[in-house]
Structure formats: structure tokens, C-alpha cells
Amino acid sequence: MRRAVCPGSFDPVTNGHLDIIGRASRLFDEVIVGVLVNQAKSGLFTVEERIDMLREVTSSYENVRVESFRGLLVDFCRAQEASVLIKGLRAVSDFDYELQMAQMNIGLAGVETLFMPTNPLYSFLSSSLVKDVAKWGGDISAHVPDLVRHELVARLGPEHRG
């Protein structure tokens with residue numbers, strides 16, 4: 001079975017993330033979306049909330065499942081019996097960082113990294129940018145699934161602005 005891991009914090013999941021996950025689902029028998037648990041960083045959404053949202057918005061993909069992990073990504077890959085990581089690249093600056101990570105991952109555990117260029121529609125998109133726009137009442141409907149938009153508005157709506 002060809003199995004790949006698509007890792008990230010997904011705080012929150014964007015249409016850019018979903019584009020990469022969907023494209024990966026056509027290339028692999030199974031795609032595991034790995035949600036990083038990072039105790040050093042507090043996200044807008046809890047890990048459980050992110051997992052719930054991801055499971056909902058990827059439910060149309062029969063070969064995608066969502067799991068959380070902590071620690072080394074290569075250890076998660078080993079536990080999932082996945083030898084490939086899928087990473088979306090938006091810009092050259094992403095490549096510089098991701099190349100170093102890919103080289104470390106192959107050296108540590110023989111885990112390959114497949115870089116997928118982001119659809120130009122989403123090349124500027126990041127979870128942080130979406131949160132900032134939502135916080136100030138901007139329209140994010142083209143950038144996130146409806147479920148995520150509703151959750152962001154509820155969490156960051158006008159009553160929460162500084």
C-alpha cells in the first residue's frame with residue numbers, strides 16, 4: 001500500500017491545505033493528515049477542534065484519515081507505516097526551510113518528501129493570514145471551507161476585536 005503523511009498544524013485548515021490533501025489522495029492509496037500537537041505553542045483552536053474540522057472537510061475523500069501526533073514527524077511516519085511526506089510549497093522561501101527538513105527526515109528515517117506546488121489560487125494563503133483577516137471582519141469565504149469560516153467568525157467575530 002502506498003501511504004503518505006500530510007503534516008501540519010492546520011490552525012485552521014484552509015482551501016490551500018485541502019488542495020494539497022485532495023491532490024495527494026489521488027496519488028496515494030492512503031493519506032494520513034497528521035496534526036501536530038505542539039505544547040510550546042497555543043493555537044486558536046484546540047487540537048481536538050482542528051481534528052474535528054479536518055475530518056469533516058475531508059470526509060469526501062475515502063482514503064484520507066486524520067490523526068494527531070507529537071514528537072518527531074519521522075516517528076509518526078514509522079508508526080503509520082508511511083514512507084512519504086507531502087508538503088505544499090507556496091514560495092521559494094517555503095522551499096529553503098522545507099528542503100532542510102526533508103534532508104533531515106531522509107537522514108533520520110529514510111522518509112522521502114514530495115513537494116507539491118500550491119495551486120496559484122492559494123499561493124499567498126496561510127492560516128495566520130486567514131485568522132488576521134477574519135479578526136478584522138474581512139471576507140474569508142474564498143479561502144476556507146464554510147465550516148471553518150463559521151468557526152472563525154464565532155471565535156474571532158466583532159465582539160473579540162481589540
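**Notebook: helix H2 and its neighbours**

I started with what the buried residues of H2 pack against: helix H1 (15–27), strand E2 (30–36), strand E3 (64–69) and helix H6 (146–156). I count contact as heavy atoms within 4.5 Å, and buried as under 20% relative accessible area with a 1.4 Å probe, protein chains only. Helices (H or I, at least four residues) and strands (E, at least two) are DSSP runs, numbered from the N terminus.

A note on the source: this is a predicted model, where local features need pLDDT of at least 70, side-chain atom pairs count only at pLDDT 80 or more, and totals for chains, interfaces and linings use all residues. Residues are numbered from 1 along each chain as its sequence is written, and side-chain values use heavy atoms, leaving out hydrogens and water.

Next I listed the buried residues of H2 (residues 47–57): Val47, Arg50, Ile51, Met53, Leu54 and Val57. They span an arc of only 165° around the axis, which puts them on the same side of H2; the arc is taken from the directions from the helix axis to the C-beta atoms.

Then I looked at how H2 meets H6. The two pack at about 150°, with axes 10 Å apart; axes are lines fitted to C-alpha atoms over the stretch in contact, and angles run from 0 to 180 degrees between N-to-C directions. That makes H2 roughly antiparallel to H6, a label for angles over 145 degrees. Glu49, Met53, Glu56 and Val57 of H2 meet Leu147, Val148, Glu151 and Arg155 of H6.

Last, I checked H6, whose buried residues are Val148, Leu152 and Leu156. They fall within an arc of 40°, so they line one face of H6.

Conventions
Buried < 20%, exposed > 50% of the residue type's maximum accessible area, 1.4 Å probe, protein only. Parallel < 35°, antiparallel > 145°, perpendicular 65-115°, else oblique.
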